[in-house]
Amino acid sequence: MPTKLIDVLAALLLVAACESKTETATNPGGTGQGTVTPATPGSQGDFSQNVGDHTYFEYDSFGLTPQARATLQKQAAWLKQYPQWRVTIEGHCDERGTREYNLALGERRASAIKAFLV
């Protein structure tokens, strides 16, 4: 794998959450029927809106689900297309475990993502 690609992938920003969520966009009037303005290709907004800037894990797990793998593949492809971006991989958890447990789980989640990408 080319060094430049490894550098990009090694710096990939992914925030790992414990459970998946559903997002809805609303307009300022609060009717829930607003539209989302398309982001400029190659921008941070483009990455967030069209690729996804989070990789979700199952509760109390660091295994990559098929959906997580698909997201990571899309993120890697986007980063190959826009190599000027540098990002950081981080693993996060919710507050349900002890501090030590959550730090260890977050590290395992970040390591799982790095291992998949490299």
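Me: Which residue just after H2 takes a positive phi?

Reply: This is a predicted model. Helix H2 covers residues 44-51. Just after H2 comes a residue with a phi of about 110°, and that residue is glycine 52.

Me: In what order do the elements of the protein run from the N terminus on?

Reply: The protein has 4 helices and 3 strands. Read from the N terminus, the order is α-β-α-β-α-β-α.

Me: Which residues of H2 are buried?

Reply: Buried means under 20% relative accessible area. In H2, the buried residues are Asp46, Phe47 and Val51.

Me: Why do these buried residues lie on the same side of H2?

Reply: The residues in question are Asp46, Phe47 and Val51. They are on the same side of H2 because the arc they cover around the axis is only 100°.

Me: Which helix is included in what covers the buried residues of H2?

Reply: Look at the contacts. Asp46, Phe47, Asn50 and Val51 in H2 meet Thr71, Lys74, Gln75 and Trp78 in the other helix. The covering helix spans 66-81, and its name is H3.

Me: Are H2 and H3 roughly parallel or roughly antiparallel?

Reply: The two helices pack at an angle of about 150°, and their axes are 11 Å apart. Angles over 145 degrees count as roughly antiparallel. The crossing of H2 and H3 is right-handed. Therefore H2, relative to H3, is roughly antiparallel.

Me: How many residues apart in sequence are the parts that phenylalanine 47 and tryptophan 78 tie together?

Reply: Phenylalanine 47 and tryptophan 78 form a tilted aromatic pair, 4.8 Å centre to centre with 55° between the planes. Both residues are buried. Phenylalanine 47 lies in H2 and tryptophan 78 in H3, so the pair ties together parts separated in sequence by 31 residues.

Me: What is the angle between the planes of tryptophan 78 and tyrosine 82?

Reply: Tryptophan 78 and tyrosine 82 are both buried. Their rings form a tilted aromatic pair, 4.8 Å centre to centre. The angle between the planes is 45°.

Me: Which residues form the aromatic cluster?

Reply: A search of the whole structure finds 3 aromatic pairs. One of them joins phenylalanine 47 and tryptophan 78. Another joins tryptophan 78 and tyrosine 82. The one cluster is made up of Phe47, Trp78, Tyr82 and Trp85.

Notes: Residues are numbered from 1 along each chain as its sequence is written. This is a predicted model: local features need pLDDT of at least 70, side-chain atom pairs count only at pLDDT 80 or more; totals for chains, interfaces and linings use all residues. Side-chain values use heavy atoms; hydrogens and water are left out. Buried means under 20% relative accessible area, exposed over 50%, partly exposed in between (1.4 Å probe, protein chains only). The arc is that of the directions from the helix axis to the C-beta atoms. Contact means heavy atoms within 4.5 Å. Rings of Phe, Tyr and Trp (its six-membered ring) pair if their centres lie within 6.5 Å; planes under 30 degrees apart count as stacked, over 60 as edge-to-face and the rest as tilted. Axes are lines fitted to C-alpha atoms, for helices over the stretch in contact, and angles run from 0 to 180 degrees between N-to-C directions. Angles under 35 degrees count as roughly parallel, over 145 as roughly antiparallel, 65 to 115 as roughly perpendicular and the rest as oblique. A crossing is left-handed if the near helix is turned anticlockwise from the far one by less than a right angle, and right-handed if clockwise.
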